[in-house]
Amino acid sequence: MKLILSSVILMLCFTFSNAQDVVGIWKTIDDNTGEAKSHIEIFKKGGKVYGKIIKILNPEARDRVCSECEGEDKNIKILGMNIIKGLERDGNEYSGGTITDPENGKIYKSKIWLTEDNPNRLKVRGYVAFLYRTQEWIRLE
């Protein structure tokens, strides 16, 4: 009986800890229209967190390139582009990296965190000095 109870508790802890992780596929919402815009895969690499555009929902925008980007992202396809780079865990959030807005090529400092009341909602903030914009993304898996 103790073995079964221990196994159930272990499975619940594992499930809960996975649900609390930012890794996964997230749906972005357009700030202006409120419509779903893309799917971002958030993954860990070398102890840091990255986010890559894996699906663009508007068929007319799927072949666009980031013409306003600079450096290694200049003129690459937005579909497949890493827009979140180098975030590190700091308590309940990930920070210390950047996010790129492929609409205008601007790069912002960034932090992300799961909402306290719903681990299927991710807050994504880009900021310069004290100016910032925060979006809420929705977990797909």
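How much space lies in the second largest pocket? The points below start there.

1. The second largest pocket holds about 220 Å³ of space. A pocket here is an open set of points on a 1 Å grid over the protein atoms alone, where a 1.4 Å probe fits, with protein on both sides within 12 Å along at least five of seven lines; lining residues have an atom within 4 Å of a point. Points are joined across faces, edges and corners, and the volume is the space filled by probe spheres set on them.

2. This is a predicted model, in which local features need pLDDT of at least 70 and side-chain atom pairs count only at pLDDT 80 or more, while totals for chains, interfaces and linings use all residues. Residues are numbered from 1 along each chain as its sequence is written, and side-chain values use heavy atoms, with hydrogens and water left out.

3. The lining of the second largest pocket consists of Gln20, Asp21, Val22, Arg89, Asn92, Tyr94, Trp113, Leu114, Thr115 and Glu116. By class, 4 of these are nonpolar, 3 polar and 3 charged. Nonpolar covers Ala, Val, Leu, Ile, Met, Phe, Trp, Tyr, Cys and Pro; charged covers Asp, Glu, Lys and Arg; the others, Gly among them, are polar.

4. The largest pocket has a volume of about 700 Å³. Among its 33 lining residues, Lys37, Asp101, Glu103, Arg133 and Gln135 are the closest to its centre. Strands E1 (24-29), E2 (36-45), E3 (48-56), E5 (93-101), E7 (121-128) and E8 (131-139) each give two or more residues to the lining; strands are DSSP runs (E, at least two residues), numbered from the N terminus. The lining has 18 nonpolar, 7 polar and 8 charged residues.

5. Serine 38 is in strand E2. Its relative accessible area is 9%, so serine 38 is buried (under 20% relative accessible area, 1.4 Å probe, protein chains only). The side chains of serine 38 and threonine 28 are joined by a polar contact of 2.7 Å, that is, a pair of N or O atoms within 3.5 Å, one able to donate a hydrogen and the other to accept it. Beyond four places in sequence, serine 38 is in contact (heavy atoms within 4.5 Å) with residues including Trp26, Ile53 and Leu57.

6. There is 1 disulfide in the structure, a disulfide being a pair of cysteine sulfur atoms within 2.5 Å. Cysteine 66 and cysteine 69 form it, with their sulfur atoms 1.8 Å apart. The S-S torsion is about 70°, so the disulfide is right-handed. Cysteine 66 is buried at 0% relative accessible area, and cysteine 69 is buried at 2%.

Terms used
Helices (H or I, at least four residues) and strands (E, at least two) are DSSP runs, numbered from the N terminus. Buried means under 20% relative accessible area, exposed over 50%, partly exposed in between (1.4 Å probe, protein chains only).
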